[in-house]
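Please take a first look at the structure shown here. The text after it goes through a few of its elements in turn.

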Amino acid sequence: MCTVCGCSEGPKIDGTAHAHGHAHSHSHGDTTHTHAHDHAHDHDHSHDHAHSHGADHDHHHYGQGAAGVSVPGMSQARLIQIETDILAKNNSYAASNRRVLAALDAFAVNLVSSPGSGKTTLLCRTIQALGDQPLAVIEGDQQTSNDADRIRATGARAVQVNTGKGCHLDGHMVGHAMDDLHLAPQSLLFIENVGNLVCPAAFDLGEDAKVAILSVTEGEDKPLKYPDMFTAARVAILNKIDLAPYCDADLDAYEANLKRINPDITVLRVSARTGEGMDAWLGWLRAGLRAKARP
């Protein structure tokens with residue numbers, strides 16, 4: 001079990017379990033990259049916490065110590081070392097993915113959000129609007145292939161990664177999925193992460209940018225409650241703006257809180273349902289793809 005987030009079960013790619021601890025090749029056009037995967041997510045993770053119910057509790061409190069968490073019988077130094085090792089291993093997989101993408105002049109975005117923000121609806125509309133642009137999608141969910149099925153219905157290629165008890169995608173999972181996709185040169189790669197505003201912030205997948213999608217129905221304080229995610233993101237899409245009048249959403253307050261957390265974040269106001277704001281989003285994607293092209 002991972003000390004970073006507590007996930008424990010290995011991934012399944014389109015229903016097939018992938019064992020950890022073997023070598024594989026990324027083969028894309030003229031580029032082949034081979035490396036070994038030895039993915040370690042077998043560490044204990046404890047959420048000790050404080051209660052305020054008029055009763056004394058004699059245990060450690062979540063957030064105490066340098067590691068930000070307390071686990072009985074394990075030192076803060078050991079917890080920090082485990083987390084550092086996990087993230088370092090993930091970063092090596094992400095770097096391999098990034099080299100493959102760079103060789104293809106492909107532009108990859110990691111779509112992150114809470115469940116129900118409208119990621120898949122936005123992605124389907126984006127795919128339709130991009131026309132014949134080469135692209136592919138990696139779909140991350142704990143269970144089901146519902147979202148991948150929706151993506152495939154648009155005509156796009158998609159690989160479903162089911163994480164089981166895991167709460168995020170990692171570089172190892174994405175590397176396997178890229179193998180299956182055989183990306184074309186100058187492709188857009190969309191990675192739709194598991195719905196979660198916490199753990200995906202810490203895991204690099206080899207993407208060019210994290211794009212955080214925030215529905216106007218979620219509350220203007222979400223960037224303040226989950227700052228790591230919005231600090232890590234280059235773009236925030238404020239989605240479902242067509243619903244703002246019906247839920248008293250203050251779009252300016254959303255944007256102010258996003259900028260308070262990350263002054264450099266690009267904020268796009270979009271309605272995937274009506275199409276409002278889609279041109280700015282599509283323009284950002286095309287600019288990113290142009291920037292990846294080698295002279």
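Helices α2 and α3 are roughly parallel to each other, because an angle under 35 degrees counts as roughly parallel. Their axes cross at roughly 15° and come within 9 Å; axes are lines fitted to C-alpha atoms, for helices over the stretch in contact, with angles from 0 to 180 degrees between N-to-C directions. Helix α2 covers residues 119-130. The contact (heavy atoms within 4.5 Å) involves T120, T121, L123, C124 and I127 of α2, and D147, R150 and I151 of α3.

This is a predicted model, in which local features need pLDDT of at least 70, side-chain atom pairs count only at pLDDT 80 or more, and totals for chains, interfaces and linings use all residues. Residues are numbered from 1 along each chain as its sequence is written, and side-chain values use heavy atoms, with hydrogens and water left out.

Strand β6 (residues 135-141) pairs with β7 in the parallel sense over six bridges; pairing requires at least two DSSP bridges between the strands. V159 in β7 is the bridge partner of I138. Between the two strands the chain passes through α3 (residues 146-153), and this β-α-β crossover is right-handed, meaning that the path over the helix runs clockwise with the strands pointing away from the viewer.

Strand β7 spans residues 157-162, and five of its six residues are buried (under 20% relative accessible area, 1.4 Å probe, protein chains only). In the protein chain of 295 residues, 51% are buried. The chain has eight helices and eleven strands, which are DSSP runs of at least four residues (H or I) and at least two (E), respectively, numbered from the N terminus.

Conventions. Buried means under 20% relative accessible area, exposed over 50%, partly exposed in between (1.4 Å probe, protein chains only). Angles under 35 degrees count as roughly parallel, over 145 as roughly antiparallel, 65 to 115 as roughly perpendicular and the rest as oblique.
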